[in-house]
Amino acid sequence: MKFDGIDIDGNEKSFELKDFQADKIVLYFYPKDNTSGCTQEACDFRDNINRITKYATVVGVSPDSIKSHKSFKAKQDLNFVLLSDPEHVLAEQFGVWKEKSMYGRKYMGIERSTFVLDKSGNIEKEWRKVKVKGHVDDVINYLTGL
């Protein structure tokens, strides 16, 4: 299954998860480009990318459009792939498309989650209902065996 995204150089491209199977994949799902928590999480991955790429490839996923991803990537100088999942196919596959509630209003959205996939694409480790602060350090600690 192909997913449209923005590559490391900011170019539009179609990807399949198997394209990343040379490495482990840190596949993280986030709700929305350019929101405070999502920006902080993306910047934490960006700022720690050299500590992660020895072990895995980082891929971010949200339901936002390619255009939105392109702007977000450029504005935050992100150095990893962002996939657009507007139909929630990948989100549903990983069980992160959930009913949420804010101010008493219920709606469907992404539950902030991260998965480490092995070279075969199997889930090796998962974090659900992620709190942004300290999360990237938790991922790095897992990858490095600390």
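Tutor: The side chains of Lys32 and Asp64 form a salt bridge, with 3.6 Å from N to O. The two residues belong to distant parts of the chain, 32 residues apart: Lys32 is in the loop between S3 and H1, and Asp64 is in the loop between S4 and helix H3 (66–76). A salt bridge here is a side-chain nitrogen of Lys or Arg within 4 Å of a carboxyl oxygen of Asp or Glu. Helices (H or I, at least four residues) and strands (E, at least two) are DSSP runs, numbered from the N terminus.

This is a predicted model, in which local features need pLDDT of at least 70 and side-chain atom pairs count only at pLDDT 80 or more, while totals for chains, interfaces and linings use all residues. Residues are numbered from 1 along each chain as its sequence is written, and side-chain values use heavy atoms, with hydrogens and water left out.

Asp64 counts as buried, at 9% relative accessibility, whereas Lys32 is partly exposed, with a relative accessible area of 45%. Buried means under 20% relative accessible area, exposed over 50%, and partly exposed in between (1.4 Å probe, protein chains only).

Asn34 is partly exposed, with a relative accessible area of 36%.

The open sheet has seven strands, in the order S2-S1-S5-S4-S3-S8-S9, with mixed pairing. From one strand to the next, the twist averages 25°. Two strands pair if DSSP finds at least two bridges between them.

S3 (residues 24–29) and S4 (residues 56–62) run parallel and are joined by six bridges. Tyr28 stands opposite Gly60 in S4. Helix H1 (residues 36–47) packs on the sheet and touches S3, S4 and strand S8 (113–117), and its direction makes about 160° with that of S3. Helix H5 (residues 135–144) also packs on the sheet, touching S3, S4, S8 and S9, with its direction at about 155° to that of S9. Contact means heavy atoms within 4.5 Å. Axes are lines fitted to C-alpha atoms, for helices over the stretch in contact, and angles run from 0 to 180 degrees between N-to-C directions.

A search of the whole structure finds nine salt bridges. Among them is one between the side chains of Asp47 and Arg46, at 2.8 Å from N to O. Asp47 is exposed, with a relative accessible area of 52%, and Arg46 counts as partly exposed at 22%.

Another joins the side chains of Glu111 and Arg128, at 4.0 Å from N to O. This pair also links distant parts of the chain, 17 residues apart: Glu111 lies in the loop between strand S7 (105–110) and S8, and Arg128 in the loop between S9 and H5. Glu111 is buried, with a relative accessible area of 12%, while Arg128 is partly exposed at 34%. Glu111, Glu126 and Arg128 are linked in a network of salt bridges.
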